[in-house]
Structure formats: C-alpha cells, structure tokens
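Subject: Structure handover and findings

Hello,

Here is the structure I promised to pass on. Please open it alongside this note; my findings follow below.

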Amino acid sequence: MTISLLQYMLIPLFSALLIPFVARRRGRLAEIFATVTLLAGLINIGWTLLNPAVLASGFSALGEDGFSLLMIFTIYLVGLCVAFFSASYGDGRGVNTAYFYPLLLVSVSAMCGAVTSTDFFTLFIFVEVLAVASFALMTSDDTKEGIEGAVKYYLLTFPASAVIMLGLAVMLLSAGTFSFDSIRIIIYSGTSGPALIFSLALMLLGFLVKSGVVPFHVWTPDAYQGSYAPVSAFLAGIVTKISGVYAVVRIAMFLRLFETGAFRLSEVLMFLGMVTIAVGAIAAMKQDDFKRMLAFSSISQTGYIVLAAGLATPLAFIGAIFHLFNHATFKTVLFLNSASLEKATGTRDMNKLGGMEHAMPWTSWTSVIAMLSTAGVPPLSGFWSKIIIIIALWDAGAVTYAVLALLFSALTLAYFVVMQRRIFFGRKSPAAEAAAEVSPALLAPAVLMSAVIVAAGLLFPYFFSYLAETIASRMVL
Amino acid sequence: MIEYREFLYVAVTLCALAAVMSKNMLTSAISLAAMSVGVALILFDFNAPWAAVFELSVCAGLITVLFISAVSLLRKEEAFFAEDRTRFRLLPLFALIVAIGGWIAGWPFFEALADYARFGARGQSLGSMLWETRRMDLLGQIAILAAGVLVINSVFAVKKAEK
C-alpha cells in the first residue's frame with residue numbers, strides 16, 4: 001500500500017478506538033463520530049477521483065491503482081449510508097451504539113486495508129479482521145436469527161480461511177513471496193511451476209466460499225436475512241464483495257497471465273459463475289420473504305462478476321469491476337428499503353405487502369430504480385455493466401455463456417417487474433393502509449444511492465474511460 | 001552470567017510449561033503468546049527473519065486474539081478446566097531432564113546455531129525488519145486486536161444487560 005492510501009485505513013480505525021471512550025455516556029456521539037469520519041473519507045476519496053485535473057487528463061493523472069481507489073470510494077459510500085441509516089433506524093433498541101459504530105468503522109478500515117494491500121498475506125489478514133467484525137455486527141440486535149446467521153457464517157468461512165492459509169503456505173514454498181508484483185514477474189518469466197497454480201487454486205477456493213458462490217452459498221441467505229437490518233445492507237452491499245469477490249477478481253487477474261495450465265481454473269470459475277447466476281435467480285423467484293429474495297438475487301448478481309472474472313479479458317474485467325460497484329449501490333438501496341418497509345409495516349412477507357407506493361412513495365420509487373438497475377434496464381448503471389460482460393463473453397467466443405447470461409438477465413427483469421407490481425403497485429394491502437412513509441433521515445441514504453445509480457448510468461462514458469485507463473490498460477494489458 | 005539467547009531458551013520453556021499446566025485458560029492463552037514472542041526472537045537471532053515475523057504476527061498476534069476472544073465468551077467457572085491434571089506435574093521434571101541432556105549432548109549443535117546467530121546479527125533489527133517489510137500486517141494486527149476487544153465488549157454488554 002502506498003502511504004497516500006494508508007489514511008483511508010487508519011482514520012476509521014482511530015475513530016473506532018476513540019468512540020467507546022467518548023460515547024460511553026452519550027450514545028448519540030458514537031453516531032455523529034462514525035458518520036463524520038465516513039463523510040470526510042468519502043469527500044476526500046471523491047475529490048481524489050474526480051478533481052478537475054484528473055478529469056481533464058482523462059484519469060491518466062491518477063497515480064494509484066484504479067481498482068483500489070474505486071473500491072475505497074464504494075466502501076465509504078456504503079459505510080456512510082449504513083451508518084446514517086442506523087442512526088435513525090435503531091432508536092437505541094437492543095443495539096449498543098458504543099460498540100456497533102466502532103465495529104462498523106473497523107470493518108471499513110479492514111476493507112480499505114484489503115483493497116489496498118499489495119500482497120496475498122496482507123489481503124488475508126484484513127479479510128480475517130473483516131470476518132471477526134462482521135460476526136459481531138450480525139448479532140448486533142441479539143436476535144436468534146442473527147446469531148444463527150453469524151454461526152453459519154463462521155462455520156463455513158473459517159474452513160475457507162484454513163484453505164486460504166494452506167494456499168499461502170504453498171505459495172511461499174513455491175514462489176518465495178506473497179507480493180503481487182513479484183508473483184506477476186515470476187509468471188511472466190515462465191519459471192512458475194504447477195505448485196504456484198495450485199496455491200492460487202486453493203486461495204481461489206477459499207475466497208469463493210467467502211463470496212457465497214454456488215455451491216458454497218448456504219450461509220449467505222441466512223446471514224443476510226437474520227442480521228440486524230442495516231447490517232444486512234452492509235454485508236450484502238460491500239462486506240462479502242470485498243472479503244470474497246474482490247479477491248476472486250484479483251486472483252483471476254493472475255490466472256490470465258499463465259501461458260498454459262491455468263485455463264482450466266478459469267473455465268471452472270466461469271462455470272461456477274454461470275451456475276451461481278442461474279441458482280440465485282431461480283431461488284429468488286421462490287421466496288416470499290423480501291429480504292431473503294434480495295439475498296438470493298445478490299448471489300445471482302455475484303455470479304455475473306465471477307463469470308466475467310473467469311473470462312479474464314480486459315473488457316470482462318471492466319464489466320466485472322463496474323458490476324461490483326453497481327451491485328454495491330443497488331443492493332444497499334434494496335436492503336435499506338426492505339428495512340424501512342419492515343419498520344413501517346411490521347412484515348417482510350411479500351404476500352402481505354401490496355400498493356406500498358401509495359403509502360411510501362419515496363421508499364417505493366427508490367426501490368424501483370434499484371430493481372430496474374439490478375435487472376439491467378437502460379440507461380441505469382446495471383445495464384451497462386451487464387451488457388459489457390455479455391459483449392466480452394461474445395467477443396471471446398463464449399457464445400453459450402453470453403446467451404445464458406442474457407437469458408437469465410431477462411428472467412431477472414421479468415421477475416422484478418412482477419415483484420414490483422406485487423409489492424409497490426396495485427391495490428392497497430392492509431399493511432399499506434396502516435403504513436406511513438419513514439423519516440427523511442431513513443430515506444436520505446436510499447435517495448443518495450439511487451442518485452448514484454442514475455448518475456453512473458447516464459455518465460457511463462466517464463466510468464468506462466476511468467476503468468479502461470486506470471485498470472484495464474495498467475493491470476491487464 | 002546468563003546470555004540473551006540462553007535467557008530466551010529458558011523463558012520459552014517456562015512459558016510453554018505455563019501454557020500447558022495453567023488451570024486458567026486465559027493464562028494459558030497469554031503464556032502461549034509469550035512463548036511465541038520468545039520463539040520469534042530466537043528465530044530472528046538465528047537469521048530467520050521471515051519465520052520470526054510470521055511467528056510474531058500469526059502465532060503471537062492473530063491466534064492469541066482468537067484464543068482470548070473464545071475464552072472471554074466462556075463463563076468464569078467454565079474457564080477453569082476441570083480435568084485431572086496430576087500427570088502434568090511431571091512436565092517440569094521432564095523438561096529439566098531434556099534441558100540437562102541437551103546441555104551435555106547437544107552442545108556442538110548449539111555452537112553451530114550460534115554461528116548462524118552471529119551471521120544473523122549483521123542484519124536489521126527485528127523492529128525495523130517488521131516495519132520495513134510487514135508494515136501493513138502490523139496495522140492489520142492492530143485492527144484485529146481492536147475488533148477482538150470490541151467484539152468481547154459488545155458480547156459482555158449483552159450478557160450484563162441479560163443479568
């Protein structure tokens with residue numbers, strides 16, 4: 001990590017350590033401290049990415065790794081929305097704010113550490129920090145479901161950590177280093193043996209479990225559904241994406257450098273990605289619980305990223321990374337809005353919800369924007385990332401995968417249109433009769449994220465040139 | 001006069017014995033961490049800086065946090081392991097016999113190790129080695145310690161509220 005990026009990891013960590021002392025008597029101070037820390041970080045990284053000099057240079061003036069910078073921006077954006085939402089959502093019931101917000105900040109710090117690390121061992125350490133903090137966050141409101149989800153998360157992801165450690169050991173034995181740059185040089189030089197591919201395969205396996213990719217997805221719906229509502233948004237939006245999917249994309253960038261030997265691994269990755277898209281989409285259709293449906297939909301969207309990472313062409317990486325960003329935005333909106341719906345109506349059962357648009361217009365319309373983006377409707381951001389992935393597949397000759405990805409995207413669209421009608425439009429249900437729109441403080445994060453979804457779709461050329469200039473041309477070509 | 005290296009051998013042995021023999025699991029975890037620190041210093045002294053750095057960061061850092069987190073989740077009465085530990089009382093005697101045997105029979109081996117140590121002494125200090133090569137890991141250790149402390153406190157807070 002370069003020194004300039006260290007601040008994004010260190011400042012939330014210091015804030016996290018400070019909060020339990022300053023907010024011991026006044027819980028509100030914890031919320032203020034956390035929100036201000038994350039807002040300051042977001043403004044800082046926003047300025048780094050979008051200052052006039054950088055825009056004028058077509059992003060070539062950015063010296064840092066573009067993938068890391070975009071991920072830091074996403075982490076702070078989701079973290080801020082979740083912290084701001086939690087401040088009004090919990091009303092102090094059952095959640096110890098003096099420890100909830102520090103754990104949130106430690107998670108942000110760990111994620112920034114993970115995305116800016118330049119070697120596999122450091123990446124692993126920060127992923128483990130994230131796992132410890134996530135476990136506690138899931139049980140924040142001390143409900144049975146939350147504890148069950150957290151235990152499942154632990155039982156499945158800790159063997160994954162053991163596999164990653166084994167991979168690290170094999171890597172150190174075969175390559176003598178963990179550094180990304182050194183590994184890249186070793187692969188380029190052609191001196192790497194099958195042991196290095198084996199070490200990457202072990203790590204890939206571990207990170208696929210942590211990503212919740214099919215067939216390792218059993219912990220994901222329970223963890224998302226059972227967790228404290230704002231934590232579900234945090235987990236689905238960014239935590240599992242950084243602790244698993246980000247690492248999978250990073251490793252895939254190494255796999256494509258091998259002349260021979262690693263292509264089977266890439267093929268397995270593509271196959272798992274496709275199966276994940278299918279299983280997630282089909283399972284989502286069968287759910288009645290809104291949050292559980294979103295959890296399966298999140299699994300399905302993760303499949304697109306893994307599929308593109310397996311393809312490992314420059315265009316596929318652009319699509320995968322853009323979809324990673326988009327997924328964070330639309331899933332955060334949907335999970336936060338599911339919490340608002342539950343707060344207003346007392347239920348998450350989609351059979352009992354109907355005509356919510358009359359009672360909760362802001363919640364409904366921001367949800368509709370996020371759903372349409374998830375389903376890949378133009379000109380929203382989700383459309384562009386999906387179309388890039390499909391074009392990349394077609395371009396590389398993976399026609400079957402391209403057609404299947406397109407079909408499941410259409411299936412997602414059809415299902416989301418039906419579901420929108422079922423929940424938000426049509427005749428008012430008794431739940432909608434009794435409900436009223438939630439407070440502006442709860443709406444603000446969803447509105448902000450929806451604005452980001454629309455802006456990222458409309459300003460897609462800028463996004464594309466950012467991804468092409470700072471990621472594809474520097475890291476892949 | 002006991003030299004630095006001999007002091008480390010003795011300290012590591014004593015910490016290992018304390019880790020095995022202690023009835024309190026927290027004391028065991030801390031003794032194990034102290035032993036790992038000692039082993040890391042010995043490894044560094046014998047010109048194995050990478051092994052030392054990983055021993056320190058993984059065994060003394062990460063593993064200890066996990067052990068202490070697990071122990072803190074136990075109730076006070078469960079933290080004392082209620083098994084018959086009479087057989088462990090022979091461990092110090094066994095360790096003493098091994099130490100005397102090693103002192104007599106293994107002296108050339110220790111001399112050979114000392115050569116490595118003299119070679120190792122030409123390198124950087126452990127502190128600068130850690131900071132220069134594994135800075136991010138150290139920060140990761142701090143983050144995991146912070147997470148561990150926060151997790152323990154949040155779980156205890158729930159328990160207090162339940163009482």
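In which hand, left or right, does H11(A) cross H13(A)? The crossing is right-handed. Before the rest, one caveat: this is a predicted model.

**The helix pair**

Helix H11 of chain A covers residues 229–255, and helix H13 of chain A covers residues 290–311. They pack with their axes 10 Å apart, at an angle of about 15°. Angles under 35 degrees count as roughly parallel, so H11(A) is roughly parallel to H13(A).

Both sides of the contact can be listed. H11(A) brings Ser232(A), Ala236(A), Val245(A), Val248(A), Val249(A) and Ala252(A). From H13(A) come Lys291(A), Ala295(A), Ser298(A), Thr302(A), Ile305(A), Val306(A), Ala309(A) and Gly310(A). By class, the residues of this contact are 9 nonpolar, 4 polar and 1 charged.

**Val248(A) and the cores**

Val248(A) belongs to that helix contact. It also sits in the largest nonpolar core, which has 199 residues. There it is among the members that touch the most others, together with Val106(A), Val129(A), Leu130(A), Leu307(A), Ile321(A) and Ile389(A). Leave out residues up to four places away in sequence, and Val248(A) touches Leu204(A), Phe207(A), Leu208(A), Ser211(A), Val306(A) and Ala309(A). Val306(A) and Ala309(A) are on the H13(A) side of the helix contact.

Another core lies apart from the largest one. It has 15 residues, including Cys15(B), Leu32(B), Ala33(B) and Leu56(B).

**Ser266(A)**

Ser266(A) is in helix H12 of chain A, residues 263–285. A buried residue would need 20 or more, and an exposed one 12 or fewer.

Its contacts beyond four places in sequence are Leu255(A), Gly310(A) and Ala312(A). Gly310(A) is also part of the H11(A)–H13(A) contact. Leu311(A) is 45 residues from Ser266(A) in sequence, yet the two are 6.6 Å apart, C-alpha to C-alpha.

**Chain A against chain B**

How many residues does each chain give to the contact? Chain A gives 25 and chain B gives 16. On the chain A side, the elements with two or more residues are helix H1 (3–22), helix H5 (97–116) and helix H6 (120–138). H6(A) supplies the largest share, 9 residues. The chain A side has 18 nonpolar, 5 polar and 2 charged residues.

Over to you.

Key. Residues are numbered from 1 along each chain as its sequence is written. Chains are lettered from A and ligands numbered from 1 in the order in which they are written. This is a predicted model: local features need pLDDT of at least 70, side-chain atom pairs count only at pLDDT 80 or more; totals for chains, interfaces and linings use all residues. Axes are lines fitted to C-alpha atoms, for helices over the stretch in contact, and angles run from 0 to 180 degrees between N-to-C directions. Helices (H or I, at least four residues) and strands (E, at least two) are DSSP runs, numbered from the N terminus. Angles under 35 degrees count as roughly parallel, over 145 as roughly antiparallel, 65 to 115 as roughly perpendicular and the rest as oblique. A crossing is left-handed if the near helix is turned anticlockwise from the far one by less than a right angle, and right-handed if clockwise. Two residues are in contact if their C-beta atoms, placed from the backbone, lie within 7 Å. Ala, Val, Leu, Ile, Met, Phe, Trp, Tyr, Cys and Pro count as nonpolar, Asp, Glu, Lys and Arg as charged, and the others, Gly among them, as polar. A nonpolar core is a set of buried Ala, Val, Leu, Ile, Met, Phe, Trp, Tyr and Cys residues joined through C-beta atoms within 7 Å. A residue is buried if 20 or more other C-beta atoms lie within 10 Å of its own, exposed if 12 or fewer, and partly exposed in between; C-beta atoms are placed from the backbone.
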